[in-house]
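Please open the model in your viewer and keep the selection panel at hand. The tour below moves from one selection to the next and states what is found at each stop.

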Amino acid sequence: MSTTTVEAPAQQSPSAAPRPTGSDDVRIGLRANLRHIGALARRNMLQIKADPESMFDAVLMPIIFILLFVYVFGGAMFGDGNQGAYVNYLVPGLMAMMGLNIAMAVGTGVNDDFKKGVMDRFRTMPIARSSVLIAKMVVEVGRMMVATTILLIMGFILGLSISTSVWGLLAAVGLSLTFGASLMWIFILLGLTMKTAQAVQGVAMLVLMPLQFGSSIFAKPTTMPGWLQSFTDYNPLSNLADAARGLMIGGPVAHSALMTLAWSAGITVVMAPLAVAKFRKRT
């Protein structure tokens, strides 16, 4: 009578275990990463096409702000009948403000996508985590360009004059877009941290209001109290507004532009890894 030996199946080593799709340690090549960013950005643009109301802030905000500040505060800032001079002072500053407000929308959008379960689907796909966030930023930079273009058109209608050159104007726009894109990482992190979109907006406004009005965007710092002037000198929005004015209507540029680029690089280096890490870990 023969006996049959039944061997237990070999234990699969941990290293041989199948990895889940979309695992964080899957390496994505540069070309594939760019392709994923393009596909996700197209998805975000199709969302805007399906919901045109999402562009209302980018279209209406520059119109409302420039009309409000020029005709309500222009006379008080530069004297009656000198609204034209205030337009030249205000528009470069509002370019910085447009970037800040559009960047805030990124945080609420990311938070809303998590609520809808969209981000959970993305995290199960074999794509780099950063590509999801970068694609959203690409579309928001496009919205920022729309808002800036409308702002400049309104500025020219109200009497804006460029005293330097077209290249100076384009450099000012590029500097504003660069700084605005870096701010998006802050609001993405905020959107991933807060539980609701309303909480993101509430916290963002608490930060935005002092930065916007405690800067050289709307008024010259020399008209402010000494303690507020000190805050304004270190406010990155003041650096951006001053650099844009220098590039568009003439004046010192180098220090303000370098400070703006330094702020942009510093914010991106610190906040981008934190935002991507939070995106991986959020449940």
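Helices (H or I, at least four residues) and strands (E, at least two) are taken as DSSP runs and are numbered from the N terminus. The model is a predicted one, in which local features need pLDDT of at least 70, side-chain atom pairs count only at pLDDT 80 or more, and totals for chains, interfaces and linings use all residues. Residues are numbered from 1 along each chain as its sequence is written, and side-chain values use heavy atoms, with hydrogens and water left out.

**Stop 1: helix α9**

Select residues 236-249, which form helix α9. Within this helix, display Asp242 and Arg245, which are 3 residues apart, about one turn of the helix. Their side chains meet in a salt bridge, with 3.1 Å from N to O. The term salt bridge denotes a side-chain nitrogen of Lys or Arg within 4 Å of a carboxyl oxygen of Asp or Glu. The structure holds 3 salt bridges.

Colouring by accessibility separates the two partners; the classes are buried (under 20% relative accessible area), exposed (over 50%) and partly exposed (in between), with a 1.4 Å probe and protein chains only. Arg245 is buried because its relative accessible area is 7%, whereas Asp242, at 30%, is partly exposed.

**Stop 2: Arg143 and its partners**

Next, select Asp57, Glu140 and Arg143, which are linked in a network of salt bridges. Begin with Arg143 and Asp57, whose closest N and O atoms are 2.8 Å apart. This pair links distant parts of the chain: Arg143 belongs to helix α5 (residues 129-158) and Asp57 to helix α2 (residues 56-78), 86 residues apart. Arg143 has a relative accessibility of 5% and therefore counts as buried; Asp57, at 28%, counts as partly exposed.

Then turn to Glu140, which forms a salt bridge with Arg143, again with closest N and O atoms 2.8 Å apart. Both residues lie in helix α5, 3 residues apart, about one turn of the helix. Glu140 is buried, as is Arg143.

**Stop 3: the nonpolar surface patch**

Which helix gives the most to the nonpolar patch? Helix α2 does, with 8 residues. To display the patch, select Phe56, Val59, Leu60, Ile64, Leu68, Val72, Phe73, Met77 and Val146, which make a nonpolar surface area of about 740 Å². Patches are made of residues with over 30% relative accessible area and no salt bridge; like charges are joined within 9 Å, and nonpolar side chains (Val, Leu, Ile, Met, Phe, Trp, Tyr) within 5 Å. Accessible areas come from the Shrake-Rupley method with a 1.4 Å probe; for residues, only the protein chains shown count as cover.

Finish at Met77 in helix α2. Met77 counts as partly exposed because its relative accessibility is 38%.
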